[in-house]
Amino acid sequence: MDYFNAGPEVVKSGELSTLNWGVSGVTDITIEPDVGTVESAGTFQVSPAETTTYKLTASDGGEEKVAFCTITVEKEPLIINSFDANPDVIEAGGNTTLNWRVSGVENVTIEPDIGTVESAGTLPVSPAETTTYKLTASNDEEEDIAYCIITVEQKLPAINVFNANSDVIEAGGSTDLTWNVSDATRVYIEPGIGAVGLSGSQRVFLSESTTYTLIATNDEGSSEATKLVLVDESPAPDSPAPPPTPQ
């Protein structure tokens with residue numbers, strides 16, 4: 001066996017190394033793994049995924065010669081280079097983008113609701129509430145975890161409309177209250193009406209002036225609006241006296 005070596009003998013994952021050999025006095029030469037039958041002298045580029053020992057077997061009739069060459073693959077250390085969101089504070093219903101970059105890994109997952117991802121990327125998300133996202137990166141030897149919190153700012157209810165089609169009515173008359181509310185989980189009107197939908201109208205009959213209060217609530221708090229409906233209680237004018245009867 002003249003020579004059998006590799007250059008370089010130490011590579012990083014994905015890099016190339018070159019096998020070099022020269023054998024004299026034999027006719028059958030093989031290199032394993034993954035190379036096969038070769039000439040008596042030559043070179044061959046390989047890119048092993050992990051540290052690999054190559055075996056050269058040379059034979060001529062009953063005589064066999066064997067040589068070995070090891071290429072060491074240095075795995076890149078597992079590093080979570082970045083995991084964040086831009087922006088990291090949004091309003092309810094808004095969007096943000098997760099960003100991450102990890103090196104030296106075979107598997108990357110993000111939870112909740114995302115699953116397996118590439119080692120680097122971006123992803124738009126729209127959480128309904130403040131959410132902590134968890135990135136888990138692993139290879140055969142180790143695992144690392146990083147977290148990213150997206151804060152969702154909930155809005156107080158917005159009372160867009162609370163009005164009456166007539167602000168002043170006669171005693172015993174009626175008017176229609178109308179309202180429109182957003183970002184509320186509960187809406188009610190007092191006095192005398194109670195729970196209502198986010199928008200609607202309600203006819204009320206009044207004998208005296210009344211102040212109605214609309215209260216809209218959600219998990220963040222409540223908002224209120226009032227509407228005064230005046231009842232005109234002025235007495236009706238006296239009827240004119242009939243003219244005197246002629247004598």
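With which residue does Arg 203 form a salt bridge? Arg 203 pairs with Asp 176, and their closest N and O atoms are 2.9 Å apart. Arg 203 belongs to strand β22 (residues 199-205) and Asp 176 to strand β19 (residues 174-182), so the pair ties together parts that are 27 residues apart in sequence. The model is a predicted one.

**Salt bridges**

- The structure holds 3 salt bridges.
- Asp 167 forms a salt bridge with Lys 227, with 2.9 Å between the closest N and O atoms. This pair links distant parts of the chain, since Asp 167 is in the loop between β17 and β18 and Lys 227 is in strand β24 (residues 221-232), 60 residues apart.
- Asp 167 is partly exposed at 36% relative accessible area, whereas Lys 227 is buried at 15%.
- Glu 91 and Lys 155 meet through their side chains in a salt bridge (3.7 Å, N to O). Glu 91 is partly exposed at 45%, and Lys 155 is partly exposed at 37%.

**Surface patches**

- A patch of negative charge on the surface gathers Glu 106, Glu 141, Glu 142, Glu 143 and Asp 144.
- Glu 142 lies in the loop between β15 (131-138) and β16 (143-153).
- Val 168, Leu 228 and Leu 230 make a nonpolar surface patch of about 250 Å². Val 168 is in strand β18 (residues 168-170).

**Cysteines**

- The count of disulfides is 0.
- Cys 69 is buried, with a relative accessible area of 6%, and Cys 148 is buried at 6%.

Terms used:
Residues are numbered from 1 along each chain as its sequence is written. This is a predicted model: local features need pLDDT of at least 70, side-chain atom pairs count only at pLDDT 80 or more; totals for chains, interfaces and linings use all residues. Side-chain values use heavy atoms; hydrogens and water are left out. Patches are made of residues with over 30% relative accessible area and no salt bridge: like charges are joined within 9 Å, nonpolar side chains (Val, Leu, Ile, Met, Phe, Trp, Tyr) within 5 Å. Accessible areas come from the Shrake-Rupley method with a 1.4 Å probe; for residues, only the protein chains shown count as cover. A salt bridge is a side-chain nitrogen of Lys or Arg within 4 Å of a carboxyl oxygen of Asp or Glu. Helices (H or I, at least four residues) and strands (E, at least two) are DSSP runs, numbered from the N terminus. A disulfide is a pair of cysteine sulfur atoms within 2.5 Å. Buried means under 20% relative accessible area, exposed over 50%, partly exposed in between (1.4 Å probe, protein chains only). Lys and Arg count as positive and Asp and Glu as negative; His and the chain ends are not counted. The place of a charge is taken as NZ of Lys, CZ of Arg, CG of Asp or CD of Glu.
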